[in-house]
Amino acid sequence: QLTPSSFLRIGQLSNVDLNEDVHELETELPRQHPNEIPHNEKLLSLKYESLDYDNSENQLFLEEERRINHTAFRTVEIKRWVICAMIGILTGLVACFIDIVVENLAGLKYRVVKGNIDKFTEKGGLSFSLLLWATLNASVVMVGSMIVAFIEPVAAGSGIPQIKCYLNGVKIPHVVRLKTLVIKVCGVILSVVGGLAVGKEGPMIHSGAVIAAGISQGRSTSLKRDFKIFEYFRRDTEKRDFVSAGAAAGVSAAFGAPVGGVLFSLEEGASFWNQFLTWRIFFASMISTFTLNSVLSVYHGNAWDLSSPGLINFGRFDNEKMGYTIQEIPIFIFMGVVGGILGALFNALNYWLTMFRIRYIHRPCLQVVEAMLVAAVTATVGFVMIYCSRDCQPIQGSTVAYPLQLFCADGEYNSMATAFFNTPEKSVVNLFHDPPGSYNPMTLGMFTLMYFFLACWTYGLTVSAGVFIPSLLIGAAWGRLFGISLSYLTKGSIWADPGKYALMGAAAQLGGIVRMTLSLTVIMMEATGNVTYGFPIMLVLMTAKIVGDYFVEGLYDMHIQLQSVPFLHWEAPVTSHSLTAREVMSTPVTCLRRIERVGTVVDILSDTFSNHNGFPVVESNPDAKQVAGLRGLILRSQLIVLLKHKVFVERANLSLVQRRLKLKDFRDAYPRFPPIQSIHVSQDERECMIDLSEFMNPSPYTVPQEASLPRVFKLFRALGLRHLVVVDNHNEVVGMVTRKDLARYRLGKEGLEELSLAQT
């Protein structure tokens, strides 16, 4: 067999860490936390497994599919629609819950602080108010950060990178568990109420995905309840499609944008798509927006007029005064460039910050302290800026929820307070709709500067929080500033309405940070209820994306890369045609024979060094002249179920029939298959034989070892495989390609780079 050391060297997984000495320390003292975790963006983590997006077509599966007749398939199709409707309803209800609780708690907090400030403004001693505000914020955020750091760390952040990885086929532990959903919802309520520079829109996407993954399985593994429904959908392929529907429902509940939700799922989320899916996902999004709308309308007391389609309403823009002329188009393009540059700056700062966090702030208690620090600093900055601002506006005809008077004359309020002393969503709407002259340019400039750094510092804290609203707020502030300076320059021409530029600035800033084009255009159009702006928004977003991509990646891709996830993009790296399957594959491969000793199987599964998940099955008679060719592929999870149900016979009577297993036995064990350590096999049972013929997948995908890397990549990526067997001319197994072997190769600054693999 061809195994010269030359391509063994490439094929083997290199566990070379960059700081060898630290690595040795870690192996000796596994329990103690090192002060610094050596982390480097050129690593690929081995702790992430793949999902089986390719069905194992073994005899059991084929028998079941052949038994199902046409009407039964129709029932399955109806069930899919029912599940999508349920996803929509539940996502809408969760969004309502978040919205109502945040509104009440934040209202309570602002009323207390406002009363306190009004009291102390008259008799002096405002530092007490500052203390009260900072303490309230820090204590609320402390609770929100503790539940995330100590109970479910996956719930941190917006969850969009994690869902993106899940839909790509990477199994991120605990990402779609019920516990994650509960922590996510509580965490996002607490972090928004705690006055951090965050939004509650991003986490809705993660929440929708968890709801979808839960409902489609018809049971809860966390609560140990099985409802015995939807059993057909208990496999990764089906679950994946429902999760992309859940993500879309989350977007449409957040922004009241059902079409935007579908496009978001298509553009940012899903790695696999088909046409039937589009329509079902649109259905889920519609139902989700409608549920949210009806419940909130009833809650606000006007039950019949359906006035709140999403968690954030940008309010309606009037068409009369809000048109745009041809000479404004260059201005919009310029705003796009500014948004792209600011977005790239935001991402670069956040990149260094996240690297610092991964290296030094990895203990849960430190993470909670950092979150409290940020909360206190945010309150202090807001207070100091309101205190120093002399920008007074008449209270008549303004729509401020909590007007702070401070040192203004009676009947006036401090306009810096409308920006800081409010939930970010309300501030965005104020910036869009307040009449010209409501803000002093100085106020807006200072606010943009401070909020930019606060938002950048906040993203990546150990709290559940989205980056959508802060980006919109930063963009709206500098956009409005831009509009005001335009009217100064053009001596107050009618077309320079600051609200319009605030909208464009918001789009530019968000596009520059997350780099979405199509879905963001539609979301902005649906959220403002105005189609007139379709073209300018599209121009702004395209410019922002092109300019931003020139400097640095989008925020979500950056975080995926920082967590060393083996993410497969749409195409293989451009210059990779020189590599072949022989150089990419992992060797040597652990094979099983078609009729194998139970002891051998148990030993292979218990071996901690080779925690493989797929094993090629080869022909079992070694003495004959014929080649031990590839006969099939069997998964670790299937072998564990076989051992658990003791599907084997003694050596003497191989003619005896083994216990028949049904496909249901495999589905009941999904998705948390027991570890091999929990399965007890006695000494006598180790001598039994196990026949894998009807459980293995008899037609696994294979490639010859001469196939080029792009060809292997296309096959692997398009079919969502987990294992791809590499064979030689005699159909003998020579290697195995898994996700990590393909994700290792990346296009860097100097050309093709190979990442090293680490056990972190």
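**Salt bridges and helix packing in the predicted model**

At a relative accessibility of 22%, Arg582 is classed as partly exposed, because the buried class ends under 20% relative accessible area. The structure is a predicted model. The salt-bridge partner of Arg582 is Glu706, with an N to O distance of 3.1 Å. This pair joins distant parts of the chain, 124 residues apart: Arg582 belongs to helix H22 (residues 581–584), whereas Glu706 lies in the loop between strand E13 (702–704) and helix H27 (709–719). Glu706 is likewise partly exposed, its relative accessible area being 46%.

A further salt bridge is formed by Glu687 and Arg597, whose closest N and O atoms are 3.5 Å apart.

Lys200 and Glu425 form a salt bridge in which the closest N and O atoms are 3.0 Å apart. The two residues are 225 residues apart and connect distant parts of the chain, Lys200 being in the loop between helix H7 (178–193) and helix H8 (202–217) and Glu425 in helix H15 (residues 424–433). Both Lys200 and Glu425 are buried. In total, 23 salt bridges are counted. A network of salt bridges links Glu77, Arg80, Arg235, Glu238 and Arg280.

Helix packing was examined for H4 and H11. The axes of helix H4 (residues 70–123) and helix H11 (residues 275–299) come within 7 Å of each other and cross at roughly 35°. The crossing of H4 and H11 is right-handed. The residues of this contact comprise 16 nonpolar, five polar and four charged.

For the protein chain as a whole, the secondary structure consists of 28 helices and 18 strands. Of the 760 residues in the protein chain, 57% are buried. Among contacts with a separation of 6 or more in the protein chain, 78% are between residues 24 or more positions apart.

Technical notes:
Residues numbered from 1 in each chain as written. Predicted model: local features only at pLDDT ≥ 70, side-chain atom pairs only at ≥ 80, totals over all residues. Heavy atoms only, no water. Axes fitted to C-alpha atoms, helices over the stretch in contact; angles between N-to-C directions. Helix = DSSP H or I, 4+ residues; strand = E, 2+ residues; numbered from the N terminus. Left-handed = near helix turned anticlockwise from the far one by under 90°. Nonpolar A, V, L, I, M, F, W, Y, C, P; charged D, E, K, R; others polar. Buried < 20%, exposed > 50% of the residue type's maximum accessible area, 1.4 Å probe, protein only. Contact = heavy atoms within 4.5 Å. Salt bridge = Lys/Arg side-chain N within 4 Å of Asp/Glu carboxyl O.
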